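Keep the structure open as you read.

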Amino acid sequence: MSFTGISGTQKIDRAAVEAPRAWIGAGPKSLLIDGRWVSAASGKTLETIDPSSEAVLALLAEGADIDVDAAVAAAQKALECKSWAGISPHQRARYLLQIADLVDRHADELALIETIDMGMPAWFSTAVAKMAGETFRYYAGWTTKIAGSTLPTDASNFIYTLKEPVGVCGAITPWNVPLLLACFKIAPALACGNTIVVKPSEIASLSTLRLAELIQEADLPPGVLNVVTGFGPSVGERMANHSGIDKISFTGSTAVGKRILQASAGNLKRVTLELGGKSPNIIFPDADLDRALDAAVNGFTRNSGQICSSGTRIFVHRDIYDEVAERIASISAGRKVGDPFGADTFLGPVASATHCDRVMSYIDAGNDEGARMLTGGNRLSRPGFFIEPTVFTGVTNDMKIAREEIFGPVVTIIAFRDEDDAVFKGNDTTYGLAAGIWTKDVGRAHKVARALKAGRIWINTYGETDPVMPFGGFKQSGIGREFGAESIAAYTETKAVQIRF
Ligand code: NAD
């Protein structure tokens, strides 16, 4: 599975968009609680906006405390029921494989819902939706391999460990890659035998709701999967401080991650936080520049820069700085912004009006701070939240645009002197999510990879993802890891048993 190598163009059959549009238009969306689709107890709804047109797209149920309480009660009940707690790991694998097949069969529909709801270009959403099915398949493989161990002791003793589900998990997800991020939490939670309450972002909930409908078709026992839509400070906060939730897995901003950690203290929930980033992408003079520069532009324009691991600080050796900056600006200017269904569109709109204003304010800050804008800088004068890829040079690492996560198609290019300087500047950030290194010198690549403080390092590639590779952040980019064996540890408790003969 990989985002890299996916072309920026994809022909979308206009007729294929009809089914997702019909589903979106089929009336207000509901909450999934205890296996039933229900309105919010208050009857309230909230509007979700089409970022390409700024028109109201759909009404979502606006959940509140009482709905979270009902979902948690259902998840607790499911955790105890024989038809979930009593089944074999093989049966859990069958559930996950069935879900993977359902997701694969509906991959294009899920992708196009994402494109309509949050503006992700169709070429990217279709690639992402393929990864959704693969994620369930990967975790289906784990179910039968989650094992404790026997431990060395004396002859009158037997000591072993059991791996048990943590209990009721709460998943809170952001709007930038909603379908996939929901899968990254639902699949391991179920693989380990937990039950789960999912709260998608109020800005882009639709793909998660459709995913939940598909998962229902796999006939999981009621209450194993619940979805409560609504706002963060109500639904999200209630989940974080709910004494019936045993673990929270949160993906979102660092600021909200800190609140979640505080709110979780009440019952000492297990907490996994996947937060923001300001990732360095370091280009040494011996790099294959054709590959490096194309990937570097992908690294901040894909999904309009709304990816946590975007390479938004490109560090370039001073000997090649001017040439590289010009080439990055020229490649970026060639990336088309527009209709996310357009065959030659690379960047769709950013997801919301508020976010659009935020990104534009950072572009203003870059200009105010004296950075030099080589290309971009404009919001398109048409309905929707479309922003040009924007490249700043003459940037120093202490400028606001080099320190804060912008989460838009904006990049800063910063010069470095030598290897030590690149590592120092790369690490000079409060974040530590990802980093890229471009060089043909194998020794240097490994040395720099070891020195950079980030949870994922790409060498001569950027932005690939695969569920075998743990993902998560150093420093304020998070706590814990998703994927790989570490994600299994995060969704299980270890019980040690001793028997003395
Ligand atoms: P956000 O933090 O504003 O919201 C994320 C989720 O938290 C939403 O569902 C929101 O409703 C909820 N929320 C908001 N306030 C809350 C509160 N007080 N209590 C509980 N829940 C609350 O983030 P966003 O704007 O939706 O997403 C963008 C951010 O997500 C960026 O910072 C990005 O880097 C980060 N992100 C990180 C990763 C990763 O894997 N590290 C992946 C994707 C996105």
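**Cavities and salt bridges**

There are two cavities of 30 Å³ or more in here, and keep in mind that the model is predicted. The largest cavity has a volume of about 70 Å³. Of its 16 lining residues, Pro280, Gly426, Tyr431, Gly432 and Lys453 sit closest to the centre. Helix H15 (419–427) and strand E17 (434–438) each give at least two residues to that lining, which by class holds seven nonpolar, five polar and four charged residues.

The second largest cavity comes in at about 30 Å³. Among the residues lining it are Gly277, Cys308, Glu405 and Phe407. Its lining splits into four nonpolar, four polar and one charged.

Now for the charges: the count of salt bridges is 23. Take Glu164 and Lys495, whose side chains meet at 2.9 Å, N to O. Glu164 belongs to strand E6 and Lys495 to strand E20, so this pair ties together parts 331 residues apart in sequence. Glu164 is partly exposed at 28% relative accessibility, and Lys495 is partly exposed too, at 39%.

Asp294 and Arg335 make another salt bridge, with their closest N and O atoms 2.8 Å apart. Here helix H11 is linked to the loop between helix H12 and helix H13, the two residues being 41 apart. Asp294 is partly exposed at 34%, while Arg335 is buried at 11%.

Back in helix H15, Lys425 and Asp421 lie four residues apart, about one turn of the helix, and their side chains form a salt bridge at 3.1 Å. Lys425 is partly exposed at 21%, whereas Asp421 is buried at 7%. Finally, Asp101, Asp104, Glu134 and Arg137 join up in a salt-bridge network.

Note on methods: Residues numbered from 1 in each chain as written. Predicted model: local features only at pLDDT ≥ 70, side-chain atom pairs only at ≥ 80, totals over all residues. Heavy atoms only, no water. 1 Å grid on protein atoms, 1.4 Å probe; cavity = no way out; pocket = protein on both sides within 12 Å on 5 of 7 lines; lining within 4 Å. Points joined across faces, edges and corners; volume = space filled by probe spheres on them. Nonpolar A, V, L, I, M, F, W, Y, C, P; charged D, E, K, R; others polar. Salt bridge = Lys/Arg side-chain N within 4 Å of Asp/Glu carboxyl O. Buried < 20%, exposed > 50% of the residue type's maximum accessible area, 1.4 Å probe, protein only.
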